[in-house]
There are 2 protein chains.
Amino acid sequence: MDFFRVKSTEEMSEIIDAHVQRLTYAESVSPDHAAGRVLYEDVHATEDVPGFSRSTVDGYAVKAMDTHGATEAMPAFLSLAGSIEMGQEAAMVLDMDQAVYVPTGAMIPEGADAVVMIEDADLSGDLVQVFKPVRHQENVILKGEDTQAGSAVLTAGTEIRPQEAGALAALGLSSITVCKKPVVGYLSSGDEIVPYAKQELKMGEIRDVNGVTIPSLIRSWGCDVVVSPIAADDRQDFQEKANRLFEQCDMIIMSGGSSVGEKDYTTEVIESLGNGTPGLLVHGVSVKPGKPTILSVTSAKPVLGLPGHPASAMVIFHMFGKQIIHRLLGMNRGNRHTTVARVSQNIPSSPGRTDYIRVTLKSGTPYSEAEPVLGKSGLISTLIKSDGLMEIPSRKEGVQKGDLVKVHYFI
Amino acid sequence: MDFFRVKSTEEMSEIIDAHVQRLTYAESVSPDHAAGRVLYEDVHATEDVPGFSRSTVDGYAVKAMDTHGATEAMPAFLSLAGSIEMGQEAAMVLDMDQAVYVPTGAMIPEGADAVVMIEDADLSGDLVQVFKPVRHQENVILKGEDTQAGSAVLTAGTEIRPQEAGALAALGLSSITVCKKPVVGYLSSGDEIVPYAKQELKMGEIRDVNGVTIPSLIRSWGCDVVVSPIAADDRQDFQEKANRLFEQCDMIIMSGGSSVGEKDYTTEVIESLGNGTPGLLVHGVSVKPGKPTILSVTSAKPVLGLPGHPASAMVIFHMFGKQIIHRLLGMNRGNRHTTVARVSQNIPSSPGRTDYIRVTLKSGTPYSEAEPVLGKSGLISTLIKSDGLMEIPSRKEGVQKGDLVKVHYFI
């Protein structure tokens, strides 16, 4: 077996960025089903949004200068020149010392440049008294103020959140080109691993927890999943199952068999897949938990070997699996869901190794307190108690009680 | 029209907690499709997890005391008494000065209480040399260490993340009782509002952006959505569409028509729905943006009236709509996805009002910088540039450049 130098987490990240490329499949969705997807192409506005200048309040469209100096005691007097209905064109032109009633969202007439709120005015007959001045453009959204025709609204690689979906709808787009969901294959291996639904376990058997946690994460990150039947500790069975997944999927995740055991075919099988270029890139990452992590890219498909312990597997998949998926989707923003917290106790760490410590966050002002969840990396119960992962960078020899630390949320 | 005293955000929150109750519908899902759902009942372990003591490394199961004092120069000598295969029962009992080979995850034999890593030992013939001592229970997970039979593993109201799904799978549960997804009805109203896919807009018309952003958020928070056709500014049309949604749904969201306009039937229609108990609870919240927010609970169904501006509607729905949905699901953890950041400039605010300012987060150590996204509340483009909402509590008169502030992520 080929022993690689163990990579730092920074090197692992750089290798992923250098070798995992965006998938070249796209498909169309409507804006109301676009949230959670990633834009495949830049989107340019074909029209101004809004398409006309409109009021943001219920009130009177005016020329702002006509209200200058108005007070409760000395109101400005304007003449009511009509009212504009919601959804109607303002066909008139406003003259000096005139006001026109407009509800929220209605078009303001040409000649008007501000709207006096209804609470700041009184109407008697055709006379509008204004008790408070408005500034030029106050309570008005101008034509094209949200988006100007021709401008780039969103760029390829943008994650479509509900607000981006709304912006696409505002442009009148009925079909958006998004990246196809990557199809990610998942394979657990090991003679001791049995399907989770098996009831009476024989001594030595373990239910397949990673086969539930990892596919659940993959789905929550916007991919489709193919879960293989569990492979036995048998080279041929493992190879066949891996081959089958590799044909169907854009990426493969394997769990188990990545430490230095007697029956470890994982590396050999990974090296046999695809065209072997660039091939095995990482065999071991200087990270705790999760050192026995493997990364290969072959025929443009990433293959990630996770450690078998459920908590280690989830930590590695959070920190690197997510990055790989983001690369496949061509996403231009990374994982930004972190917070700063004060750590509740001293935690030692080895320099040269990045530690991800499971923590519970207890809210406080301004910082939450990060309290380590103690327990072995194999214990799924430690993950249940955790709100996120505290990072101890490799250059540090641990953290002291009260230090500010970075915490990655589990999302 | 009945004018209520405007409520503070804290009062709004308390009113939601006091008047919105958990839905009483449940359904069954398998652990591999449980992520994103909420537990309806407590879950107790029916067996120990793991069901046997096992090794967390590849190595030699030993009595820890037999390795005390071992060094590279002065190894401990043990006799190899066999090896245990993955997934097999360890039928033997380990004697003093014996070692048994175990791969990661395999059962350790009775009498062994620790495992020496393979890297810390050498095998020649039947002789195992151990170069490093192990402590009692080192590299071992004990029977029941993750979960003990009979213990409460997860309580009703727990959000099932991938790790909770894994813990349920570890217990061999094939069916989990979760809260049924709430069915949330959404209704936009206004003569000027047209379906987003309409191509050539007439002057004064506006595409229905809230009808995309709000349903997208509802779905992302684990609910089903029924989107009504847009209601005209016509009492009868509005009433009929609201009635239809109210019959079908567990909660209704309305957008538009919640400020003090001439054609504002929203409050009347809301008061006409259901049994009217407890009825209209909030008419105006002291918050910017989003003051004209309405909350009613009638026949146990919450009805939330959102402001019409897309950005205001999203802010209110994030801060309160999510809380209402969490209550309907009976969730026992709230929105915890916040961070602390340094604000990049002075921002004034009125005391007595809570402000939610859209911000971009620029990463830094230890804090990110929160930079306000400037722009009117009607502009959807301001939300696209934002990573989250900075909170200025009502007791404050704004924040100063460099202050630490709380930022709610958009998730």
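In this predicted model, chain A and chain B bury about 7400 Å² between them, and carbon and sulfur atoms give 56% of that area. The contact involves 86 residues of chain A and 86 residues of chain B. By class, the side of chain A that touches chain B holds 38 nonpolar, 26 polar and 22 charged residues.

Polar pairing across the interface of chain A and chain B comes to 30 residue pairs in polar contact, both partners being at pLDDT 80 or more. The count of salt bridges between chain A and chain B is two. One of them joins R207(A) to E47(B), with the closest N and O atoms 3.0 Å apart.

Which elements of chain A give two or more residues to the side that touches chain B? The helices are α2 (162-170), α3 (210-220) and α7 (380-384) of chain A. The strands are β10 (140-141), β15 (206-207), β22 (338-343) and β26 (404-409) of chain A. Of these elements, α2(A) gives the most, with eight residues.

How are the two copies related? Chain A is superposed on chain B by a rotation of 180 degrees with 0.0 Å of shift along the axis, at an RMSD of 0.1 Å. The two copies are therefore related as by a two-fold rotation axis. Within chain A, T339(A) has the C-alpha nearest this axis, at 2.2 Å from it. The copies meet through the same surface, because 100% of the interface residues of chain A are also interface residues in chain B.

Chain A is divided into four domains, two of which are built from two separate stretches of the chain. Domain 1 takes residues 9-24 and 182-328, while domain 2 takes residues 26-47 and 158-179. Domain 3 covers 54-141, and domain 4 covers 338-409. Between domain 2 of chain A and domain 4 of chain A, the C-alpha centres lie 37 Å apart.

Some backbone details remain. A cis peptide bond occurs from T277(A) to P278(A), and another from T277(B) to P278(B).

| Cis peptide bond | Omega | Place of the proline |

In chain B, where does D97(B) lie? D97(B) is in the loop between β5 (76-83) and β6 (98-102) of chain B. The phi angle of D97(B) is near 60 degrees, a positive value in a residue other than glycine.

Notes. Residues are numbered from 1 along each chain as its sequence is written. Chains are lettered from A and ligands numbered from 1 in the order in which they are written. This is a predicted model: local features need pLDDT of at least 70, side-chain atom pairs count only at pLDDT 80 or more; totals for chains, interfaces and linings use all residues. Side-chain values use heavy atoms; hydrogens and water are left out. Domain bounds come from an automatic or database domain assignment. Contact means heavy atoms within 4.5 Å. Buried area is the accessible area (1.4 Å probe) that two parts lose on being put together, summed over both. A salt bridge is a side-chain nitrogen of Lys or Arg within 4 Å of a carboxyl oxygen of Asp or Glu. A polar contact is a pair of N or O atoms within 3.5 Å; within protein, one must be able to donate a hydrogen and the other to accept it, and residues adjacent in sequence count only if both atoms are side-chain atoms. Helices (H or I, at least four residues) and strands (E, at least two) are DSSP runs, numbered from the N terminus. Ala, Val, Leu, Ile, Met, Phe, Trp, Tyr, Cys and Pro count as nonpolar, Asp, Glu, Lys and Arg as charged, and the others, Gly among them, as polar. Copies are superposed by least squares on the C-alpha atoms of residues with pLDDT of at least 70 in both.
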